[in-house]
Amino acid sequence: MRAHSRGGPEQLVYEQAPRPEPGPGEVLVAVKAASITPQELTWGATWTHNDDGSGPERTPIIPSHEFSGVVAACGAGVESPAEGEAVYGLIPFTRDGAAAEYVTVPAAVVAAKPTTVDHDQTAALPLAALTAWQALVDHA
């Protein structure tokens, strides 16, 4: 799924995208499930390379920053996770998301997928868990 201009879900199109290659410190993940945050397409960081939404557009974008999948390849310098390991995570919003067959992510933002839940359930965990953790640790 990609969007070529800002807007809501009506901007999303199903089309072929090039398979990304992992750079140094990154892993290539074969996506098994992805989750989109309801307001993700309204966030400036979704559309640019800057967290504040400033700077040039980086369209087309691929949404869905929460994912679960299997490591398909590792970039230079990645010792963990290993190829074939089931992982999940939250992709930085200034990068393409996981509404694709493959996604590259920094190895530092993935964790081993819990064995007690399937990929669909795991893909829904990252942002909800982060929000709960921030509420308890940062604000409580």
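The following legends describe close-up views of a predicted model. Residues are numbered from 1 along each chain as its sequence is written. Local features need pLDDT of at least 70 and side-chain atom pairs count only at pLDDT 80 or more, whereas totals for chains, interfaces and linings use all residues.

**View A. The open sheet of 5 strands.** Its order is E6-E3-E4-E5-E7, with antiparallel pairing. Strands (E, at least two residues) and helices (H or I, at least four) are DSSP runs numbered from the N terminus, and two strands pair if DSSP finds at least two bridges between them. Strand E6 (102-106) and strand E7 (110-112) stand at the edges with a single partner strand each, so one side of each is left without a neighbour in the sheet.

**View B. Pairing of strands E3 and E4.** Strand E3 (residues 26-35) and strand E4 (residues 66-74) pair in the antiparallel sense over 8 bridges. Alanine 30 has valine 70 in E4 as its bridge partner.

**View C. The largest pocket.** Its volume is about 520 Å³, taken as the space filled by probe spheres set on grid points that are joined across faces, edges and corners. A pocket is an open set of points on a 1 Å grid over the protein atoms alone, where a 1.4 Å probe fits, with protein on both sides within 12 Å along at least five of seven lines; lining residues have an atom within 4 Å of a point. Of the 20 lining residues, Ala17, Pro18, Ile62, Ala100 and Tyr102 are the closest to the pocket centre. E6 gives the most to the lining, with 3 residues.

Key: Side-chain values use heavy atoms; hydrogens and water are left out.
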